[in-house]
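These are my notebook entries on a structure I went through by looking up one feature at a time. Each entry records what I looked for and what I found.

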Amino acid sequence: MSSLIYTAFSRHLIKHPWQLGLALLGIAVGVAVIVSIRLTQHSAFEAFDIATHTTMGQASHRLVGPKGLVTNEQYQRMVLAFPALPMTPVINQRLTLPEHGRAIELLGIDPISRTKFNPGGKVDRLWFEPEKLISEPRSAIISRTTAAELGLRTGSYLTVNYGPKTARLKIIALLPPPHSPGGLVKGLIIVDIATAQEVLQLYHGISHINLLINDNYTATHLNKTISAAYGDELELLDLAAESRRIKRMTAAFYSNLNALSLMALLVGMFLIYNTETFIILQRRKILGCLRALGVSRRQVLQSILIEASCIGVIGSLGGIILGVFLADSLLGIVSTTINDLYFKTSIDRLSVASTTLFGSFSVGVASTLLAALIPALQATRIEPTLMTNRNSVQPPNIRQICIIAGIIFFLCNLLSWFTLEYSQSPNAGFVGISLVVFGFAAICPLAIIALSAGTRWLLSSQRFLPERHGLRTVSTAVNRTGPASAALMIATAASIGIGIMIMSFRVSVSDWLDTALRADLYVSGEHFDNQSRGVKLSPAFVEKIERLDEVTSTSTVLRQQIKTPSGNVQLSAYKLNAAARQGFQFKVGDSEAIWVQWEDSDVVIITEPYAHHNLLDIGDDLQIKTNTGERRFQIVGIYADYASERGNISMSRNTYDRHWERDDYDGIGIYVAPNVSIADAASSVTAVINANSTIVVNSAAELKQTSLEVFDRTFLITELLRAIAVIVSVIGILGALLAQQLERTREYGVLRAIGFTIPEMGRTILTQTFLLGATAAMIAIPVGILIGVILIEVVNPRSFGWTMIMQIPTALMVKSFAIAVLAALGAGLYPSYRAARIEVTDAMRYE
Amino acid sequence: MNNLNALGTLLITFLSIVAIAVKLLSAADNSWSVAGFLSEGAPPLGFEYAIEPRPFEFPKDHSSHPKFRSEWWYFTGNVNSETGSSFGFQLTLFRFAFRPQATKSNSPWRRSNVYLGHFAISDFTSGVFHNFERQGRPALGLAGVRDKPPRIWIRDWSIELIEAEMGIWQLKAQEAGVVLDVKANSRRPITVQGDQGLSKKSEAPGNASFYYSIPRLAIAGSITTPTGNHQVYGNAWFDHEWSTSALADGQLGWDWFSLQLSDGRDIMFYQIRDRAGRTEAVSHGMLLTKQGVQTALRPEHVQITVTQYWQSPTSNARYPAAWQIRIPTHGISIRVLPRMSEQEWNQSFVYWEGAVVVTGESATEPISGTGYVELVGYN
């Protein structure tokens, strides 16, 4: 008997490939988006780990100096203090390649002491001779990939620049990609530590010391000894903790993407639900016959679920393949964002994690089954009958729909409110969003009925008979049209919500940049990344700038990593003039009161993210390790800052000078005299800068532009995924509506037979699809705004601690509305065309 | 069923490929070997070779000879504590040069040498072989050789001649709670090996080293192991050897014996083995009497029979583990046994270097003794 059911089912599916294809597409896209996001994340982390491993071997800790420099003498003292501890010097610095117009990361190592950091503590001579690297001055190693990019071979020479200093390195070996044993990441050039000092012409020290802390020396013992012997000169970093911290930082970035992928899956589930419902409706006759032939309800349920799981399996497999391809193309974008914001790494290749694939596969199959469950249960209620039951479509019980939809709507929104109110985790925001979306999706059928009734009332004239007919049929077939409309609504709403969030974020950042960048020109030592040191500016240099005729005044900043009980944080010590003070937008705290205490009291102001992450408020004290010992600083203000996710602390330079002894600066803000053009002032400032230094001058406009470029790059992937989700759901909706219209062939025949003209047929069909599109779009707008509100008010503050000014861009609304309606209308075109060409007699015989 | 079989075949094939790949990849794990380094290709130009015998000058020759590619200072000894514990110790410092002289540079890291240290304590009472390897770049004074007075060091491991007139050396090394801190007082004169100190390793000219020994030094000092701190006394042997090209192609390794007999005689003999396992004719040694009379030993004078083997569970290398040695010209017939099997080095080089005990007869008198044996090229 089961074989009979399966034969019946499979023949039905083969006869309706549209539906099968649609169901498969729905689930495949949902799975594909999940897979691609997960895989890109996995690849980024793996690339990070490989890069870490290549550059640091098995180092567990790192000793760093306060200015990013450990002197030769400090290294010597450390080695003599811990003669048995594996310790290796490292120099890293970004160099430019004048012949290629790009940069490369120099890594100076000591192959001898590094031996202990190799797997098994053995000399790494798989691909090159360490002796050669040590003994041949200016010899270097790069990866094959980089060599190919630069057109180099073994024996080639490469000119590198460090500021004005030039050196020629000889490539003595090419290493395979990082996933091979002894391989190397690209964009890296490895030299001996002596060569590194010679290239940089910095002979007195190294960048840091890598350590492998084993059982004999616990980190705490070492830490104590180091702080006893070196005070603040050196600081021990736990690399595993650093790596975890760096990976954690990207979590918020990925949570946005993961939410998006869940949304895609939700759309997929609606498509499945839609298809399954439709398939069951079509099979009423077959199912009735089967039941009459003795098939039990359980067998019906079983076979429908088995069919659904087959679709789930095939769809998910397709999704995985699609996802891997998608991930491969997303990798470049993710890589850029991660490099901009989190850590420097080159993601060489997509790393396909089987756990991710298996997990996404399971999610795909499970969602399919879940979506098919309600239609399957409905199918079990079909009574046994051998009668041909043509009028299978029963008008829906509007009362029942109203009650159910109302209850779901109310419960979901209530639950969402509870979640948002009582849970503090950023994930609660996503749960809240899902619930709101689901609640609103439930009222889609209701809205269709209402809108249909309302429009019919408006179009009461006989002239609108085709339209009235169309509206009526949409409303009576609401259990079929509802899910399609809901799916379109979800995709549109998600797109609107994310659009609102990004737009608001961008406007806030742009406003903040406008306020914060008060000076006309900014001079700074070039910063490559968060870790490397910039060139410090000397007091003499600042004086020289101040003496320029074009300059009316300056403000300065010095940045330094400091220790607080909750970890290290960047401290900025500002010398601010009146104009520069205007650049701070205080979210909490009275600016007048702040500026009164600013110079002479031990007070600090902190950024929003810092306050958020450390649960700090004004009036709280912050304990900071200074040169004069542990000191308490009162927090007097919390200000807007979008520059750092971790946040930072600021104090006046006067306050800083009371506790630390430094006379240099990291940056100068220059205020140009009113009658001088900024370009002229910039060239005068550039003239002061020694041609040999790496100091750069930027105008406020340039800085703003660069910042916004980074911002746009960050959200490029979000935008891209959003576009993918919309396009796919539009295609899905198109397919769903199309399938439904095609099923109505007989109805069209009847209409034609009773005298509907071809244009009237078109009007009927287009009215139907327009109504569905319009309903979806109308609900999507408030839902989209709600999603935007939750993202802005809940998710972002909780993930990053950033507040932003909400923007509701009209253009976005109009665009989304138009896309939804056009998608729906588009779905009506082909059926209209077909209906026009229909042979009345054939159509009447259809089914 | 057919499908199942096909699936099974596929699975097995896949697993075999994985297994082969893993095997190949792990085989690619290269490590340094002394023999490899010593016979490795042609050294860069500019190094000097040991070709002709040369006069030795002490204490100057105790320090380094940077014009030669490799050099080592080798102390091995057998000691006993007052409480009855017995130990073997080894402190070896190697110097390997990449080029004959360093390139001029402002960087203090620019060096052309690397130092390697091996420090071992064989604790016969507890049966533990403590062994540590250290590498050091002679930059920033963290490793190197000083001339006056001679001192060779890698961080806090050092060999230093503290009293040149009396020939007293100080040996210091410590790692992971294992400490060697002893004075070694020369009991025999400096003894040059081979042909007036030129020790040939193959027939080819230049494949030789300059080599001298102090065959017996009285040890006094302390050894610390996890079992505690021990005041120890005993005998040690000192070798100092430098060369640019020692082994020729086709030479596999060597067996080196240094034995101190109870009747006051000291014996050094090494045999170089070729790939077929045969002893090469250049193998040689010497016998030194208590009175300081030195006799050269040629392969034809010394009959060495391996009576037992030991397979290392770590490297799987199969080492000789008991020898019957006969030197008929001196009436010596002795049995040499490792004081424990587990004295294999398994770090940058794989070799066996361990304390041995000697029993046997000289003419008809029973003799005993201790010593050290080094076995290279068995892995």
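Entry 1, salt bridges overall. I counted a salt bridge where a side-chain nitrogen of Lys or Arg lies within 4 Å of a carboxyl oxygen of Asp or Glu. The model I searched is predicted. Over all chains, the search of the whole structure returned 29 salt bridges.

The size of an interface is often given as the accessible area lost when the parts come together. I then turned to the polar side of the interface. Twelve residue pairs are in polar contact across it, both residues being at pLDDT 80 or more.

Which residue of chain B forms a salt bridge with A:E198? I found B:R110, with the closest N and O atoms 2.8 Å apart. A:E198 also forms a salt bridge with A:R138, where the closest N and O atoms are 3.7 Å apart. A:E198 lies in helix α7 of chain A and A:R138 in the loop between α5 and β5 (139–143), so this pair ties together parts that are 60 residues apart in sequence. I checked the accessibility of both residues. A:E198 is buried at a relative accessible area of 7%, whereas A:R138 counts as partly exposed at 28%. I also recorded a network of salt bridges that links A:D110, A:D192 and B:R137.

I noted two helices and 23 strands in chain B. Chain B has 379 residues, of which 55% count as buried. Its accessible surface comes to about 16,000 Å², and carbon and sulfur atoms account for 54% of that surface. Among contacts in chain B with a separation of 6 or more, 57% are between residues 24 or more positions apart.

Side chains of opposite charge can pair when their charged atoms come close. I looked up B:R216 and found a salt bridge with B:D266, the closest N and O atoms being 2.8 Å apart. B:R216 is in strand β12 (residues 208–225) and B:D266 in strand β15 (residues 266–274), so I logged the pair as a link between distant parts of the chain, 50 residues apart. Are B:R216 and B:D266 buried or exposed? B:R216 counts as buried at 11% relative accessibility, and B:D266 is buried at 0%. I also looked up B:R54, which forms a salt bridge with B:D61 at 3.3 Å between the closest N and O atoms. Here B:R54 counts as partly exposed at 28% relative accessibility, while B:D61 is buried at 4%.

Which residues touch the most other members of the largest nonpolar core? Of its 93 residues, I noted A:M489, A:I490 and A:F505. Helix α17 (residues 478–516) of chain A gives the most to this core, with 17 residues. A second, separate core has 43 residues, including A:A140, A:Y162, A:A194 and A:L211. I then followed A:F505. Not counting residues up to four places away in sequence, A:F505 touches A:Y642, A:F711, A:F715, A:N796, A:W802 and A:M804.

I placed A:I109 in strand β4 (residues 102–109) of chain A. A:I109 is buried, with a relative accessible area of 6%. Leaving aside neighbours within four places in sequence, A:I109 is in contact with A:P89, A:R114, A:I190, A:V191, A:D192 and A:I193. I also took the C-alpha to C-alpha distance from A:I109 to A:L133, which is 9.7 Å for residues 24 apart in sequence.

I found A:S207 in the loop between β9 (205–206) and β10 (208–211) of chain A. A:S207 counts as buried at 4% relative accessibility. What does the side chain of A:S207 reach? I noted the backbone nitrogen of A:N92, at 2.8 Å.

How values were computed:
Residues are numbered from 1 along each chain as its sequence is written. Chains are lettered from A and ligands numbered from 1 in the order in which they are written. This is a predicted model: local features need pLDDT of at least 70, side-chain atom pairs count only at pLDDT 80 or more; totals for chains, interfaces and linings use all residues. Side-chain values use heavy atoms; hydrogens and water are left out. Helices (H or I, at least four residues) and strands (E, at least two) are DSSP runs, numbered from the N terminus. Buried means under 20% relative accessible area, exposed over 50%, partly exposed in between (1.4 Å probe, protein chains only). Contact means heavy atoms within 4.5 Å. Accessible areas come from the Shrake-Rupley method with a 1.4 Å probe; for residues, only the protein chains shown count as cover. A nonpolar core is a set of buried Ala, Val, Leu, Ile, Met, Phe, Trp, Tyr and Cys residues joined through side-chain atoms within 4.5 Å. A polar contact is a pair of N or O atoms within 3.5 Å; within protein, one must be able to donate a hydrogen and the other to accept it, and residues adjacent in sequence count only if both atoms are side-chain atoms.
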